[in-house]
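Ready for a few exercises with the structure open beside you? Try each task yourself before reading the solution.

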Amino acid sequence: MNNDKASRSRKKVLDSAQTFLGLARQTIAERGPVLRGAFQLRGTRCGKDGCKCNQGELHTTAVLIVSEAGKRRSYYVRPPDRPEVQRRVERYLRFRAKRAELSKLSEQVLGATDDLLDAIAEPHRPQRQRGALTSIPAAQRRRVRPKR
Ligand SMILES: [Zn+2]
């Protein structure tokens with residue numbers, strides 16, 4: 001038993017669980033709508049003779065990149081739809097970032113819980129110290145025989 005380690009671990013379990021809960025509250029506050037995808041602005045050439053894009057002044061095309069049945073697809077986004085599509089994608093990315101953080105925090109909670117277990121665990125077998133068994137009470141030292 002390591003009391004210092006145990007109390008540090010207890011504190012860490014609670015602290016990370018509280019941080020987790022705070023972030024969980026923020027995460028569920030998202031009302032959407034969200035768009036699962038990536039929003040991208042690309043420079044493109046239209047191919048028309050005499051257009052400025054032939055001199056290197058490219059047109060800006062907005063695309064939404066999504067994964068459909070495991071395949072990557074790009075969709076053109078009309079200029080009037082750009083702001084809303086971008087907002088929905090940004091909400092999605094923020095949501096994903098929070099989820100990743102929640103995953104890290106849950107690892108911390110579990111890690112600290114494991115540390116606590118290590119700190120409070122006694123050895124499986126009583127160990128002899130100076131000829132006497134350690135602090136295990138006599139009643140617990142008897143081997144339990146299975147009932148028939
Ligand atoms: Zn052009």
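Predicted model: local features only at pLDDT ≥ 70, side-chain atom pairs only at ≥ 80, totals over all residues.

Residues are numbered from 1 along each chain as its sequence is written.

**Exercise 1. Work out the order of helices and strands in the protein chain.**

Step one is the tally: the protein chain has 3 helices and 5 strands. Helices (H or I, at least four residues) and strands (E, at least two) are DSSP runs, numbered from the N terminus. Step two is to read along the sequence, which gives α-β-β-β-α-β-β-α.

**Exercise 2. Describe the sheet that holds E1, E2 and E3: what is the strand order, and which strands stand at the edges?**

Start with the order: 3 strands form an open antiparallel sheet, arranged E1-E2-E3. Strands count as paired if DSSP finds at least two bridges between them. Strand E1 (38–44) and E3 are the edges; each has a single partner strand, so one side of each lacks a neighbour in the sheet. From one strand to the next, the twist averages 35°.

Now look at one pair. Strand E2 (residues 59–68) joins strand E3 (residues 71–77) through 7 bridges, in the antiparallel sense. Among the partners in E3 are Ser74 for Ile65 and Lys71 for Glu68. The two strands make a hairpin with 2 residues between them, and Ala69 in the turn has a positive phi of about 50°.

**Exercise 3. Characterise how H1 meets H2.**

Two packed helices are described by the angle between their axes and the distance between the axes. Here, the axes of helix H1 (residues 3–28) and helix H2 (residues 82–120) come within 8 Å and cross at roughly 160°. Therefore H1 is roughly antiparallel to H2, a label for angles over 145 degrees. Axes are lines fitted to C-alpha atoms, for helices over the stretch in contact, with angles from 0 to 180 degrees between N-to-C directions.

To finish, sort the residues of the H1 contact with H2 by class: 14 are nonpolar, 8 polar and 7 charged.

Definitions and conventions: Parallel < 35°, antiparallel > 145°, perpendicular 65-115°, else oblique. Nonpolar A, V, L, I, M, F, W, Y, C, P; charged D, E, K, R; others polar.
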